[in-house]
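Me: I have a structure open here and have not looked at it before. Can you walk me through it?

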Amino acid sequence: MPCTTATGGTAIIAIMKKPPRKRPCSVCGQLFRPDPRVRGRQRTCLDPGCQQELHRQTCAAWHDRNPEWDRETRLRKTLLKDGPALAAGADPTGRFNWERARDEMGGQPAAVIEELAKYLVGWVRDEIRREALKNMAITSLRIGSA
Ligand SMILES: [Zn+2]
């Protein structure tokens, strides 16, 4: 890293540290010298096959610790139906796959969520109308006073 000397010039300070000690690759077992920039976190040699294998092992261990993740991800992908963009004013809850939700969680919890979704859609529509009417009233007051 360059630094400024007392005379205003720049100098490169060589870091005279010992190179990192060799360590065994966690995949192939060959000794390698880790890159000093990763400060001891490097677990494999530079062979791309070893790096891919470590990545595969790390992913497999993560999926073993999180067995529900794949199932939930597949479920999430089936909950929204594909289709063209909704027309203005269309009910967005129609895009939701309620049958799939009922199959997955049972009828009563799905009914609670369906009614909550309908309630929230109605509430948002009412709020937008109320806000639009308020803005129209403010605009007409401004026009009337000008
Ligand atoms: Zn290796």
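What follows is a short chat about this predicted model.

Me: What secondary structure does the protein chain have?
Reply: The protein chain has four helices and four strands.

Me: In what order do the elements run from the N terminus on?
Reply: The order is β-β-β-β-α-α-α-α.

Me: What is the mean pLDDT of the protein chain?
Reply: The mean is 85, and 88% of the residues of the protein chain reach 70 or more. Residues 1–14 are a stretch with pLDDT below 50. In the model, that stretch has eight contacts beyond near neighbours in sequence.

Me: How should I read coordinates where pLDDT is low?
Reply: Where pLDDT is low, predicted coordinates should not be read in detail.

Me: Changing topic. How many residues does H4 have, and how far does it reach?
Reply: Helix H4 covers residues 107–145, which is 39 residues. From its first C-alpha to its last it reaches 57 Å, close to the 57 Å expected at 1.5 Å a residue.

Me: And how many of the residues of H4 are buried?
Reply: Zero of its 39 residues count as buried, so H4 is hardly covered.

Me: What about H2?
Reply: Helix H2, residues 68–79, has twelve residues. H2 reaches 17 Å from first C-alpha to last, close to the 16 Å expected at 1.5 Å a residue.

Me: At what angle do H3 and H4 pack?
Reply: Helix H3, residues 98–105, packs with H4 at about 140 degrees, and their axes are 7 Å apart. That angle makes H3 oblique to H4, because only angles over 145 degrees count as roughly antiparallel. The crossing of H3 past H4 is right-handed.

Me: Which residues meet there?
Reply: From H3, Trp98, Ala101, Arg102 and Met105 take part. They meet Gly107, Pro109, Ala110, Ile113 and Glu114 in H4.

Me: Last one. Of contacts between residues at least 6 apart in sequence, how many join residues at least 24 apart?
Reply: In the protein chain, 14% of them do.

How values were computed: Residues numbered from 1 in each chain as written. Predicted model: local features only at pLDDT ≥ 70, side-chain atom pairs only at ≥ 80, totals over all residues. Helix = DSSP H or I, 4+ residues; strand = E, 2+ residues; numbered from the N terminus. Expected span 1.5 Å × (residues − 1). Buried ≥ 20, exposed ≤ 12 C-beta atoms within 10 Å, placed from the backbone. Contact = placed C-beta atoms within 7 Å. pLDDT = per-residue confidence, 0-100. Axes fitted to C-alpha atoms, helices over the stretch in contact; angles between N-to-C directions. Parallel < 35°, antiparallel > 145°, perpendicular 65-115°, else oblique. Left-handed = near helix turned anticlockwise from the far one by under 90°.
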